[in-house]
Amino acid sequence: MEEDKAKFFKRTGMFLAILIFIFILVNIAYNKLVLPQKHVNKSEEQFMQNNNNNLKILFLGDSHPAWAVNPSYIKNSFNYATPTETYEQTYYKLRSILSKDNKYQILVLPIDLHSFSDFKSDAYFNIWYWSRFMSINELQNVTSKSLARIYFNKYFPFIGNGNEFKLVFFKSQKSVVINGWYQREEIFASKNMTKDALEKARLHFKDGFEVKNERFFNFFIKILELSKSKDKKVIFIKYPISEHYKFAAESIGVDINEFYLSLNKSISKYSNVYVLDYQNYFTNYSLFSDSNHLNKLGAEFLSKKLDEYLRKFK
């Protein structure tokens with residue numbers, strides 16, 4: 001009997017050891033092969049490489065700036081925006097940056113129809129990334145995840161992301177990132193534009209989601225206060241959207257005029273803030289990748305326009 005127990009525990013121990021070895025091996029493979037292919041990781045590496053250069057202008061926010069601003073055309077700038085980023089996340093990122101480096105003079109952020117919508121309230125799926133800007137306790141507070149799960153997601157990022165191994169094998173899945181800018185090749189004009197716009201609007205403003213979520217808006221105000229205390233100029237941009245998208249948003253109940261009237265009241269209290277409106281700037285839909293994002297060519301046109309403004313602004 002004792003001999004059988006010993007064999008059982010020995011086999012169980014060997015089995016667990018093999019599982020742990022495989023677990024660690026898969027995690028190493030994910031860190032070495034998959035993470036370097038992800039947009040946020042490429043952007044982070046490029047930011048670290050360029051941060052010692054003469055950077056003065058920092059673009060922040062979600063997919064609108066991430067896809068619409070090519071810093072190659074804007075002197076002394078970097079695009080540090082990431083898709084699905086909320087104003088809450090942007091605040092923590094900016095707080096971290098300014099606590100280490102005060103050289104940035106101009107901060108550029110989006111004020112779009114979906115900027116404060118809580119449709120992307122589960123935006124902390126890349127815990128390993130956001131742990132660079134936030135403490136473990138802060139992550140626990142905003143995600144309501146257990147400390148154990150946060151630690152696991154931080155140090156073993158492959159958990160729940162196994163499907164991303166396709167980034168290693170399929171070239172079409174790999175993103176081109178230049179100074180943080182995420183290149184998009186698609187052409188909106190070749191799609192069913194009405195359908196695309198309605199799908200996007202329903203995603204951003206579907207039933208139960210707020211157009212102006214109080215939590216995200218409060219972090220927007222915290223960014224304004226932080227930039228004011230650090231003596232930074234803030235430029236808010238209304239990024240280009242298609243008429244199809246505007247019509248779709250209004251058709252499901254979004255009051256665009258009321259949204260911006262309310263927003264302008266909050267912004268007008270700050271003397272260091274400027275607003276650029278490019279929302280209706282593009283009518284050529286071959287410059288869009290979808291109903292509310294620019295593609296590679298559209299980004300070139302907008303970035304050159306921004307550069308003209310920023311040169312005068314400085």
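In which loop is asparagine 76 found? Asparagine 76 sits in the loop between α3 (63–68) and β2 (77–79), where helices (H or I, at least four residues) and strands (E, at least two) are DSSP runs numbered from the N terminus. The model is predicted, so that local features need pLDDT of at least 70 and side-chain atom pairs count only at pLDDT 80 or more, while totals for chains, interfaces and linings use all residues. Residues are numbered from 1 along each chain as its sequence is written, and side-chain values use heavy atoms, with hydrogens and water left out.

The phi angle of asparagine 76 is near 60°, a positive value in a residue other than glycine. With a relative accessible area of 23%, asparagine 76 is partly exposed; buried means under 20% relative accessible area, exposed over 50%, and partly exposed in between (1.4 Å probe, protein chains only). A positive phi, of about 70°, is also found at threonine 84, which is not a glycine. Threonine 84 belongs to the loop between β2 and α4 and counts as partly exposed because its relative accessibility is 34%.

The protein chain has 13 helices and nine strands. Its C-alpha atoms fill a box of roughly 85 × 45 × 35 Å, taken along the principal axes. Of the 314 residues of the protein chain, 50% count as buried. Among contacts (heavy atoms within 4.5 Å) with a separation of 6 or more, 78% join residues 24 or more positions apart.

Two packed helices are described by the angle between their axes and the distance between the axes. Here axes are lines fitted to C-alpha atoms, for helices over the stretch in contact, and angles run from 0 to 180 degrees between N-to-C directions. Angles under 35 degrees count as roughly parallel, over 145 as roughly antiparallel, 65 to 115 as roughly perpendicular and the rest as oblique. A crossing is left-handed if the near helix is turned anticlockwise from the far one by less than a right angle, and right-handed if clockwise.

Helix α4 (residues 87–100) and helix α10 (residues 214–229) have axes that come within 8 Å and cross at roughly 25°. The two helices α4 and α10 are therefore roughly parallel to each other, and their crossing is left-handed. On the α4 side, Tyr87, Glu88, Thr90, Tyr91, Tyr92, Leu94, Arg95 and Leu98 meet Arg215, Phe216, Phe219, Phe220, Lys222, Ile223 and Leu226 of α10. The residues of this contact comprise ten nonpolar, one polar and four charged; Ala, Val, Leu, Ile, Met, Phe, Trp, Tyr, Cys and Pro count as nonpolar, Asp, Glu, Lys and Arg as charged, and the others, Gly among them, as polar.

Helix α9 (residues 193–205) packs with α11 at an angle of about 50°, the axes being 8 Å apart. The pair α9 and α11 is therefore oblique, with a right-handed crossing. Residues of α9 in the contact include Met193, Ala197 and Phe205, and those of α11 include His244, Tyr245 and Ala248. By class, the contact of α9 with α11 has eight nonpolar, four polar and one charged.

Helix α11 (residues 243–251) also holds lysine 246, which counts as buried because its relative accessibility is 16%. Neighbours within four places in sequence aside, lysine 246 is in contact with Ile241, Ile256 and Asn280. Lysine 238, in strand β6 (residues 233–238), is likewise buried, at 11% relative accessibility. With the neighbours within four places in sequence left aside, lysine 238 is in contact with residues including Ile111, Asp112, Tyr260 and Asp277.

A nonpolar core is a set of buried Ala, Val, Leu, Ile, Met, Phe, Trp, Tyr and Cys residues joined through side-chain atoms within 4.5 Å. The largest such core has 57 residues, of which Leu58, Tyr80, Leu113, Phe220, Phe236 and Leu263 touch the most other members. Apart from it lies another core of 22 residues, among them Val108, Ile235, Tyr239 and Leu306. Beyond its neighbours within four places in sequence, tyrosine 80 has contacts that include Ser43, Phe47, Leu58, Lys93, Ile97 and Phe133.
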